[in-house]
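Here are some worked exercises for getting to know a new structure. Keep the sequence and the 3D view open, try each task yourself, and then read the solution.

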Amino acid sequence: MSEPMLELSGIVRTFEQAGTELQVLRGAELTVRAGELVALVGPSGAGKSTLLHIAGLLERPTAGTVRIAGTDVSKLDDGKRTEVRRRSIGFVYQFHHLLPEFSALENIVLPQMINRVPKRTAKARAMELLRMVGLEPRASHRPARLSGGEQQRVAIARALANAPSLLIADEPTGNLDPHTADGVFAMLTAIVRQARVGALIATHNLDLAQRMDRVLEMRDGLLVEHTPVPTLPEGADPAHL
Ligand code: ADP
Ligand code: MG
């Protein structure tokens with residue numbers, strides 16, 4: 001089996017809401033390995049985004065441990081956690097959040113410069129990523145001149161700019177029409193496999209979820225293996241199954 005890129009164990013997260021304690025996560029367990037795509041499903045308010053924030057080191061859990069590519073980050077101070085996040089984790093959201101004043105290429109160069117990659121190297125890497133997402137000819141375009149699907153492809157390329165161990169995506173195709181969503185998802189799958197990133201992807205799209213390696217459902221603050229509703233063959237009588 002390939003190496004674990006994300007290991008969550010005993011993750012608890014509570015929020016104070018109007019004086020009462022809301023327990024959103026109650027001991028969630030999860031491992032995502034290199035080259036693996038794991039879908040996270042569940043109704044709105046189930047705690048998917050909260051779990052992604054914890055896995056992405058944007059928030060600390062109330063209890064539990066988080067390991068990124070084998071490193072236990074639970075005991076690290078905020079500065080060290082930020083460093084691990086910048087080097088090892090890429091993020092994709094429902095909306096692209098590209099910088100509007102910069103070209104597609106520059107949007108992929110900038111996160112590398114934050115990690116002090118020399119500009120020439122960063123540019124070459126950005127070009128290679130644009131090639132991988134099929135957008136080399138659009139390198140100099142600003143986001144506003146790209147279609148929704150193209151913007152999301154650039155956002156995916158940007159998320160992979162620093163060759164992360166882990167890719168976290170929250171509804172990455174939620175803002176796209178079904179056909180475009182399909183194309184972006186197929187590209188995302190190919191790039192995750194090739195780059196051997198571990199990918200944790202929250203989605204409402206069960207079709208796409210079922211094309212991933214595993215589907216986990218957020219239920220009562222825990223992650224459970226999602227069991228698809230069986231579809232009956234034409235004319236079958238459920239009473240006789
Ligand atoms: P999902 O992404 O599955 O829709 P969320 O993780 O966004 O769910 O939210 C889960 C629950 O946690 C919701 O009830 C939400 O109101 C609550 N919640 C999320 N973030 C906060 C916060 N910062 N403060 C208080 N409650 C929060
Ligand atoms: Mg959410």
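## Exercise 1: Start at β8

In β8, Leu 40 has Ala 202 as its bridge partner. A quick note before going on: this is a predicted model, where local features need pLDDT of at least 70, side-chain atom pairs count only at pLDDT 80 or more, and totals for chains, interfaces and linings use all residues. Residues are numbered from 1 along each chain as its sequence is written, while chains are lettered from A and ligands numbered from 1 in the order in which they are written.

**Task.** Find out which strands pair with β8.

**Solution.** 
- Step 1. Two strands pair if DSSP finds at least two bridges between them.
- Step 2. Take strand β3 (residues 37–41), which is parallel to β8 and joined to it by four bridges.
- Step 3. Now look at β7, which also pairs with strand β8 (residues 198–202) in the parallel sense, over five bridges. Here Leu 167 sits opposite Ala 199, and Asp 170 is opposite Ala 202.
- Step 4. Trace the chain through β7, α6 and β8, and you get a right-handed β-α-β unit. Right-handed means that, with the strands pointing away from the viewer, the path from the first strand over the helix to the second runs clockwise.

## Exercise 2: Buried or exposed?

**Task.** Decide whether the residues of β7 and β8 are buried or exposed.

**Solution.** 
- Step 1. Use the cut-offs: a residue is buried if 20 or more other C-beta atoms (placed from the backbone) lie within 10 Å of its own, exposed if 12 or fewer, and partly exposed in between.
- Step 2. Check strand β7 (residues 166–170): five of the five residues are buried, so β7 is largely enclosed by the rest of the structure. Leu 166, Ile 168 and Asp 170 are on one side, with Leu 167 and Ala 169 on the other.
- Step 3. Look at another partner of β7: strand β6 (residues 89–92) runs parallel to β7, with four bridges joining them. Val 92 is opposite Ala 169 there.

## Exercise 3: Into the core

**Task.** Which residues have the most contacts inside the largest nonpolar core?

**Solution.** 
- Step 1. A nonpolar core is a set of buried Ala, Val, Leu, Ile, Met, Phe, Trp, Tyr and Cys residues joined through C-beta atoms within 7 Å.
- Step 2. The largest one has 63 residues, and Leu 40 and Leu 200 have the most contacts inside it. Helix α6 (residues 178–195) gives the most to this core, with six residues.
- Step 3. Being in contact means that the C-beta atoms of two residues, placed from the backbone, lie within 7 Å. Beyond its neighbours within four places in sequence, Leu 200 is in contact with Leu 6, Val 32, Val 38, Leu 40, Leu 52, Ala 55 and Ile 168.
- Step 4. Pick Val 32 from that list: it lies in strand β2 and counts as buried, with 26 C-beta neighbours inside 10 Å. Among the residues that Val 32 touches are Met 5, Leu 166 and Gly 198.

## Exercise 4: The other sheet and the ligand

**Task.** What is the strand order in the open sheet of four strands? Which elements each supply at least two residues of the shell around ligand 1?

**Solution.** 
- Step 1. The order is β2-β1-β4-β5, with antiparallel pairing. β2 (20–33) and β5 (71–72) are the edge strands, each pairing on one side only.
- Step 2. β1 pairs with strand β4 (residues 63–68) over five bridges, and Leu 6 has Ile 68 as its partner in β4.
- Step 3. For the shell, the elements are β1 (4–17) and α1 (48–55). The largest share, three residues, comes from α1.
- Step 4. The residues around ligand 1 include Phe 15, Gln 17, Gly 47, Lys 48 and Ser 49; a residue counts as near if its C-beta atom, placed from the backbone, lies within 6 Å of the molecule.
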